[in-house]
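Subject: Structure handover

Dear colleague,

Please find the structure below. The notes on what was found in it follow.

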Amino acid sequence: ELISFVDGEEEVARAEVHTRTPLYAEYVDLSAPRELVEVVFIEVRADQRGRGIGTKAVRLLEQRYRDQSLFAFSEGADDLWAGVGWRHFPRTDGDRMYRPLFVSIGRRG
């Protein structure tokens, strides 16, 4: 599902979300359901960055999927995911070649 975040008549951010996405690898202390909502990507328009729009978009996603946990594999956005309170879960095999996993456990819109 593609989701557009609009301010007035202008798109300021967008996200792609997949529901019922399984996690195949094992993660330290992760006791979430094995099927979650994956935030495949989230992006804020370049001229709108630094204004809290990414955080607002994440909060809207949490509200939209309030009865489910969400996750994202971070691509250089660790500060965003940690900043919105999502928890980082390292892989049990310690392999750092994979993108870091962040999960919205305990967050409800």
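**The largest pocket**

The lining of the largest pocket draws at least two residues from each of β3 (35-44), α1 (53-64), β4 and α2. Helices (H or I, at least four residues) and strands (E, at least two) are DSSP runs, numbered from the N terminus. β3 is the biggest contributor to this lining, with six residues. In total 17 residues line the largest pocket, and those nearest its centre are Ile42, Glu75, Ala77, Leu80 and Trp81. The volume of the largest pocket is about 290 Å³.

A pocket is found on a 1 Å grid over the protein atoms alone: it is an open set of points where a 1.4 Å probe fits, with protein on both sides within 12 Å along at least five of seven lines, and lining residues have an atom within 4 Å of a point. Grid points are joined across faces, edges and corners, and the volume is the space filled by probe spheres set on the points.

**How to read the values**

This is a predicted model, in which local features need pLDDT of at least 70 and side-chain atom pairs count only at pLDDT 80 or more, while totals for chains, interfaces and linings use all residues. Residues are numbered from 1 along each chain as its sequence is written, and side-chain values use heavy atoms, with hydrogens and water left out.

Ser74 lies in the loop between β4 (70-73) and α2 (78-83). Ser74 counts as buried because its relative accessibility is 3% (buried means under 20% relative accessible area, exposed over 50%, partly exposed in between, with a 1.4 Å probe and protein chains only). The Ser74 side chain comes to 3.0 Å from the backbone nitrogen of Ala77. Residues up to four places away in sequence aside, Ser74 touches Trp81, Arg99, Pro100 and Phe102; contact means heavy atoms within 4.5 Å.

Arg99 sits in the loop between β5 (87-89) and β6, and at 38% relative accessibility it is partly exposed. Beyond its neighbours within four places in sequence, Arg99 is in contact with Phe73, Ser74 and Glu75. The side chains of Arg99 and Glu75 are joined by a polar contact of 2.9 Å. A polar contact is a pair of N or O atoms within 3.5 Å; within protein, one must be able to donate a hydrogen and the other to accept it, and residues adjacent in sequence count only if both atoms are side-chain atoms.

Val39 belongs to strand β3 and is buried, with a relative accessible area of 2%. Its C-alpha is 4.6 Å from that of Val17, 22 residues away along the chain. Not counting residues up to four places away in sequence, Val39 touches Glu16, Leu61, Leu70, Phe71, Ala72, Trp81 and Trp86.

Val103 is in strand β6 (residues 101-103) and counts as buried at 0% relative accessibility. Leaving aside residues within four places in sequence, its contacts are Leu30, Ser69, Leu70, Phe71, Trp86, Arg87 and Phe89.

**Aromatic rings**

How many aromatic pairs are there? The count comes to two, where rings of Phe, Tyr and Trp (its six-membered ring) pair if their centres lie within 6.5 Å, and planes under 30 degrees apart count as stacked, over 60 as edge-to-face and the rest as tilted. Phe71 and Phe73 form an edge-to-face pair, 5.4 Å centre to centre with 80° between the planes. Phe71 is buried, at a relative accessible area of 0%.

Separately, the charged end of Arg91 sits over the ring of Tyr98, 3.9 Å from its centre. A charge sits over a ring if NZ of Lys or CZ of Arg is within 6 Å of the ring centre and within 35 degrees of the ring normal.

**Exposed residues**

Asp47 is in the loop between β3 and α1 and is exposed, with a relative accessible area of 52%. A polar contact of 2.6 Å links the side chains of Asp47 and Arg45.

Arg20, in strand β2 (residues 10-22), has a positive phi of about 55° although it is not a glycine. Arg20 is exposed, at 62% relative accessible area. Asp29, in the loop between β2 and β3, is not a glycine either and has a positive phi, near 65°. Asp29 counts as exposed at 59% relative accessibility.

Regards
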